[in-house]
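Okay, thanks everyone, let's get going.

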Amino acid sequence: MKSIACFSSSVRAACQHTSACVPVNRGLCSPVRRCSHVDFANKTVVAQQPRVTGVRTFHNTHVNATAVQQVSATPLPTPVPIPGRGEDELTVFQFGRYMPTKTGARPAPHLSPYSPYTKPQSNAAALVNIRSLTEGEVIPELCSKLAGFPSNDRAEGLATLLGACVEFGLAAHNPLVIRLINECLELLSSGDIEVSQLCHLGEVAYALEGRQSAIVTEVLDSIGGAVEEDVSHREAARVYSLLALCHDPASQRQKLMLSTLHRHTQRQVHRLKASQVSDILQSLLKLQQEQAISLVLRLSHRASRVFKAFRDDEVIKVLSALMTLGQHDEELLTAMEKHLPGRLGTCDPELISTVMEYCLQMRCRSEPIFEAVAENFVCHAERHTTLQIAKQIVAMGRLNYLPQCSSEMFKKLESILSTRFSQFQPRSLIEVLHACIHLERFPLNYMSRVFSPYFLQRLQAQGEPLDKNALGQLTQLHLSTSLECTHYWGPRLPYFLHVKRFSSVDQAFETPMESLLYRQVKGPLTELLGGTFYSTRTFTPSGYTIDVEIYLDEEGCVLPLSQWEHTYRRIALCLDGQNRFCSNTQHLLGKEATKRRHLRRMGYEVVQIPYFEFEKLITEEEKVQYLHNKIFPTIFKFSHGL
């Protein structure tokens, strides 16, 4: 029965055979599938609610909804007496035909699980009064009738009744609830219950009593035994959801259960549906199973196969889980490039920002996705929140991607900043402006605002001191105005707020030199220069770190260490390891491209030694010749131009 927390077929049958309960309307007693979750808020629940007398407030959890919906309590229906029934028996309410109002119907609010509420029905129907379940001998009679059913049906029926009591707001110490708990414990002690029914019972018991519930303990013990033997892919998804609810990190039994469950799931990943892939990944995230790398990668691979079947919210769950678990699959990116561009125009804006956040974290510079996002931004940016806008622009800037419609995109961005400037959180605004300079787009109209005393005070008024990341971004914005926008005469960042070095643990502004690449270059470079006529990891006055610096005199000759005070020009050797490039291309990250521009503006001759070129060289002679071809044309240019 699909009333009161999705009544199961066993409860329906018990109701039909119980003399103490009136026959329920046939329209409500049609057989339906068993509940797969305890999300009673999504089921058809109609209850007389004596506790709600005024207006109740519900929050719509849709990612774009920010408004709070207020739903007035529905007037209680008038009971229709049924001949031959006592006051303690189940009451059936009959409603007339629903007459729609002239105004548009308000959409049904999203309700939290187990919160008692009254939900009106729009069609003529017979409604069951939940209160009648808790009156008289209804539940005891139902329990007695359920005792004659098979174990699985009885377990489902008891779970449904217990869930109805939870939804009605009965406490665990209520005599009726205690009766149901005892019935459940008695049933669990007999065993022979399928995993799906066990999970249903465990989820309801957890909602009632939490992790300390005796039913939850018995359920987990029973599931542990079933998992040791084998479980289907459907059952595995249910078990993951239950464990995500009541997992105890200190329980050795649950650790062993998870380990076994991982193996069973890996073997059946190819059978999982899109919703199951999303649910399992979310469960692994809640269970903090970062060490289950093999399973996560297989789930990611499966996600690439069923990507077209994902709903928007499921894509968000999958990508969010993969970002936190730190795994990336190239085939998933290929599937995203194939299916995402066509659905961006009608999808949830939160999906777009999540996709861009995923690409940024995994350093995936995807032309099909970025072009589609840029075009969608030009057409629909007004629908996006300021945080969603920031995520899109920041991803493009940090991955050094300038779309073909960049002119229209930055015009739209300027329009958004002009009309919604005050809506941006200070740090999000700095992130956006900082990302723009990576693409050589200098937001001079807004530099004066972020460098103003008012904005800096607002930035500090958020309850926490200015972190190094925000100060570094402001410093780099200031440096861009000084080096690349010499015609800018607006406010500047106060000197006491400048960071002295851009190097940091989080590598937000420059990536440290790879030790392996340096060791490979060191020998050939020393041989080429005739000695160690260079310095490593030196800091510039502006705060950047130079991997290898070579000093030249006025004639373009390399200076030894003892004569560095006669330095006239400098060569900055950038030993660009793999971490300085986007993961799937040979494009430098935005921060590295900006650093090289600034070094050139400061007078350095920048020579890049990318890893993908140097790794192809085999012999020492090839490496020396490669460095000669890279460095000496620069030195010759200096000496020739003097």
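First, a term: a polar contact here is a pair of N or O atoms within 3.5 Å, where within protein one must be able to donate a hydrogen and the other to accept it, and residues adjacent in sequence count only if both atoms are side-chain atoms. Some ground rules as well: this is a predicted model, local features need pLDDT of at least 70, side-chain atom pairs count only at pLDDT 80 or more, and totals for chains, interfaces and linings use all residues. Residues are numbered from 1 along each chain as its sequence is written, and side-chain values use heavy atoms, with hydrogens and water left out.

So, Ser304. A polar atom of its side chain lies 2.4 Å from the backbone oxygen of His301. Ser304 belongs to helix α10, residues 293-305 (helices are DSSP runs of H or I, at least four residues, numbered from the N terminus). Is Ser304 buried or exposed? Buried, because its relative accessibility is 9%; the cut-offs are under 20% relative accessible area for buried, over 50% for exposed and partly exposed in between, with a 1.4 Å probe and protein chains only. Setting aside neighbours within four places in sequence, Ser304 is in contact with Asp329, Glu331, Leu332 and Ala335, contact being heavy atoms within 4.5 Å.

Next, the aromatics. Rings of Phe, Tyr and Trp (its six-membered ring) pair if their centres lie within 6.5 Å; planes under 30 degrees apart are stacked, over 60 edge-to-face, and the rest tilted. How many aromatic pairs does that rule give? Ten. Phe307 and Phe310 are edge-to-face, because their ring centres are 5.9 Å apart and their planes sit at 85°. Phe307 is buried at 2% relative accessibility, and Phe310 is buried at 3%. Then there's Phe421 with Tyr446: centres 6.1 Å apart, planes at 15°, so that pair is stacked. This one links distant parts of the chain, 25 residues apart, with Phe421 in the loop between α16 and α17 (426-438) and Tyr446 in helix α18, residues 444-450. We also get one aromatic cluster made of Phe502, Phe509 and Tyr544.

Last, some backbone angles. Asn400 isn't a glycine, yet its phi is positive, about 60°; you'll find Asn400 in the loop between α15 (386-398) and α16 (406-420). Gln507, also a residue other than glycine, has a positive phi near 55°. Gln507 sits in the loop between α20 (468-483) and α21 (515-529), and it counts as partly exposed at 31% relative accessibility.

Methods: Helix = DSSP H or I, 4+ residues; strand = E, 2+ residues; numbered from the N terminus.
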